[in-house]
Amino acid sequence: MAPALGLLAACGPGQAASSPDATTTAGSAAPTSSVAVPDIPPPARSASCSFLSSSTVADANGQHVGSVKVSAASQSDRVCYFYRPDGGLQMTVRVYTGDAAVAQALVNQVAPVSSASPASEPTGWTGGYLSTGSGAVYAVAKGGNAVVAITNQAQTIKARLVVSDAIGDLGL
């Protein structure tokens, strides 16, 4: 599996609504790293996202949000899954806080340097963005923090806007 979106297995925006555990991939291998990137926490329950409102995601992504699921409570790795009214996954946003090497490896895994365009927004954050066959990804890290957004829309700006909002809302 190409790891660019493989990290977000079980949450790729292009998967069918009836297949919430499907894996979405992109077309490039990530750089080899000795840092172990934790698997993405799967959706655990329906709840509001603690760091992004549904209206923010709907406005940025251009689709109504029908429901939201969140990963199990964790201070270091939080994920919000935003679904369309028809049940299809439209956006996944992951916030990692912990080791700087893991944060950078997480970004490099979903937006590999070899295939992603460089990202530098918000100021002080670095990473990458790319369009995929099923949507787009925007991923950045700063110190021990990483924020990754995967959208079912082809425009990377939609994921970038959501990442910037999440970083601002979290005060990172």
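The briefing below covers the sheet, its strand pairs and its helix contacts.

This is a predicted model, in which local features need pLDDT of at least 70, side-chain atom pairs count only at pLDDT 80 or more, and totals for chains, interfaces and linings use all residues. Residues are numbered from 1 along each chain as its sequence is written, and side-chain values use heavy atoms, with hydrogens and water left out.

**Sheet**
- An open sheet is formed by 8 strands with antiparallel pairing, in the order β1-β2-β3-β4-β8-β7-β6-β5.
- At its edges lie β1 (43-46) and β5 (117-119), each of which pairs on one side only.
- From one strand to the next, the twist averages 20°.
- Helices (H or I, at least four residues) and strands (E, at least two) are DSSP runs, numbered from the N terminus; two strands pair if DSSP finds at least two bridges between them.

**Strand pairs**
- β4 (residues 89-97) and β8 (residues 145-151) are antiparallel and share 7 bridges; Val 95 has Val 147 in β8 as its bridge partner.
- β5 and β6 run antiparallel, joined by 3 bridges, and Ala 119 stands opposite Gly 127 in β6.
- The hairpin of β5 and β6 has 6 residues between the strands, and Gly 124 there takes a positive phi near 95°.
- β6 and β7 are antiparallel with 7 bridges, and their hairpin has 2 residues between them.
- Thr 126 has Ala 141 in β7 as its bridge partner.

**Helices**
- Helix α2 (residues 54-61) lies across β2 (67-71), β3 (77-83), β4 and β8, at about 120° to β4.
- Helix α3 (residues 100-110) packs on the sheet, touching β4, β6 (126-132), β7 (135-142) and β8, and its direction makes about 160° with that of β7.
- Contact means heavy atoms within 4.5 Å; axes are lines fitted to C-alpha atoms, for helices over the stretch in contact, and angles run from 0 to 180 degrees between N-to-C directions.
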